[in-house]
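Okay, thanks everyone, let me put my model up.

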Amino acid sequence: MDFEQGTSILQNGVVKGSLRHARTAHNMSSSSLRKKSDLTLISKVRLGCLRQLLVNLQEVIFGTRIWILFPAVPLAVLADSFGFARPWVFVLSLLGLAPLAERLSFLTEQISHFTGHTVGGLLNATCGNATELIVAVFALSKDKIKLVKYSLLGSVLSNLLLVLGTSLFLSGIVNLNKEQTYDRRQAEVNSHMLLLALLCHSLPMLFPYAGGSADVGGAGSLRLSRAGSIIMLVAYVAYLIFHLWTHRRLFEADKELDVYDDVVEEGPVIGKWSAIAWLVVVTLLIALLSEYVVATIEDASETWGLSVAFLGIILLPLVGNAAEHAGAVIFAYKNKLDLTLGVASGSATQIAMFVVPLCVIVAWVLGMNMDLNFNILETASLALSILASSSILQDGTSHYMKGLILLLFYLVIATCFFLINDEVTINNLGWSRVRLKQQ
């Protein structure tokens, strides 16, 4: 799309029929943080190339309500280049990931306007959690498999408990005297997918305790994990067919477009090739900051006295998914719970059924032994979170107590991982005292 065409669509607020496409809650979440751009001054620039560049900068950089976090991106690069303390690099990288993740979703959506519903849906279904996947790939390249597991587990927990809990609680308080309902069929599909993911995570953990042949070196668990990952990817392909073709009406959000009273309408605001170019730039920046996060998380853990488990499971997903989380909460505030569930449970399903098994397969290709055994504490947290969210969503109604219960679930799990480091320290001190007495 040329500049003039994009400007016309933006100013008139009209989307051409050929460009309209059904939007799912997942690719709408970033739009809740989008703001209208005033192109009056830019339109007066006579030089076409310069005018188009300014429009792109206006839409991509300043077209989000969290543009104020963008300075963290160059600051993280400078902090790493000039040898600042590693925890500072970690913090700045986390802050920079938040707007970049939101813009990645925005650019993917822009491209989907030119590709049609099917390809656009596939883009959003595979790139919706691209930030988590990029962080995981860089962690794998550094042979930090535990960090991969922590970050992906944390993303699932934050979506199922923190995001969904905050959304339901806030929606229940704000809409205290209104009926709060949603289509439970979408929630049921996601719950069933998450239960399948839980089965594939639980069996590799339990496999060494099963009777029969010994699991020497975890080889049996590893083979079972790889088989389970392939099965999950096949199930996710079936989920996409269900989502995008056979039962698309359950996931479409056209009926919810009234939530866009104060944001840009669904038409494209930049051209196709501009969106692709910006997508490459944003992806490279996310990759750079992801490398910083992976390289500095252990230094931050030592400096702050917090376990890597706490930083990976609680802090990393909390900041990295901030934009998407904000979108879910805004939808809930407006009593659009179908959209909230699409963002929260849909993201959890995508991570558990696509990103996690894909990481196992990628590690397999790279000759690394990543399995689905997340250990007892992590797997128990995942199991209870899935069961809690599934039971709460099963009746199609909501109130603030349901949200509060999910938030308390998350608080207990966060406290547990916060105290892990203290327990390890106490055990180490006890062992040191025993050795001193023996000497």
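So, to start: of the 439 residues in the protein, 55% are buried, where buried means under 20% relative accessible area, exposed over 50%, and partly exposed in between, with a 1.4 Å probe and protein chains only. Keep in mind that this is a predicted model, so local features need pLDDT of at least 70 and side-chain atom pairs count only at pLDDT 80 or more, while totals for chains, interfaces and linings use all residues. Numbering runs from 1 along each chain as its sequence is written, and side-chain values use heavy atoms, with hydrogens and water left out.

Secondary structure is quick: 15 helices and zero strands. Those are DSSP runs, numbered from the N terminus, with H or I over at least four residues for helices and E over at least two for strands. For contacts, meaning heavy atoms within 4.5 Å, take those with a separation of 6 or more: 84% are between residues 24 or more positions apart.

On to the surface. The accessible area comes to about 19,400 Å², and 65% of that belongs to carbon and sulfur atoms. That's Shrake-Rupley with a 1.4 Å probe, and for residues only the protein chains shown count as cover.

What sits in the nonpolar patch? Its members include Phe 169, Ile 173, Tyr 333, Tyr 400 and Met 401, and the whole patch has about 880 Å² of accessible area. The elements giving two or more residues are α7 (145–174) and α15 (400–438), and α15 gives the most, with five. The patch rule takes residues with over 30% relative accessible area and no salt bridge, joining like charges within 9 Å and nonpolar side chains (Val, Leu, Ile, Met, Phe, Trp, Tyr) within 5 Å. Met 401, in helix α15, is partly exposed because its relative accessibility is 36%.

Now the rings. There are six aromatic pairs, counting Phe, Tyr and Trp (its six-membered ring) with centres within 6.5 Å; planes under 30 degrees apart are stacked, over 60 edge-to-face, the rest tilted. One of them is Phe 169 with Tyr 400, edge-to-face at 6.3 Å centre to centre and 80 degrees between the planes. Phe 169 is in helix α7 and Tyr 400 in helix α15, so this pair ties together parts 231 residues apart in sequence. Phe 169 is partly exposed at 31%, and so is Tyr 400 at 33%.

Then there's Tyr 236 and Phe 354, a stacked pair, 5.2 Å centre to centre with 25 degrees between the planes. Tyr 236 is in helix α9 (residues 219–246) and Phe 354 in helix α13 (residues 337–365), 118 residues apart.

Last topic, charges. Side chains of opposite charge can pair when their charged atoms come close. The structure holds six salt bridges, each a side-chain nitrogen of Lys or Arg within 4 Å of a carboxyl oxygen of Asp or Glu. Arg 103 bridges to Glu 102, closest N and O atoms 2.7 Å apart. Is Arg 103 buried or exposed? Buried, with a relative accessible area of 0%, and Glu 102 is buried too, at 2%. Arg 103 also lies over the face of Phe 106, 4.1 Å from the ring centre; the rule is NZ of Lys or CZ of Arg within 6 Å of the centre and within 35 degrees of the ring normal.

Asp 395 bridges to Lys 402 at 2.7 Å between the closest N and O atoms; Asp 395 is partly exposed at 40%, whereas Lys 402 is buried at 11%.
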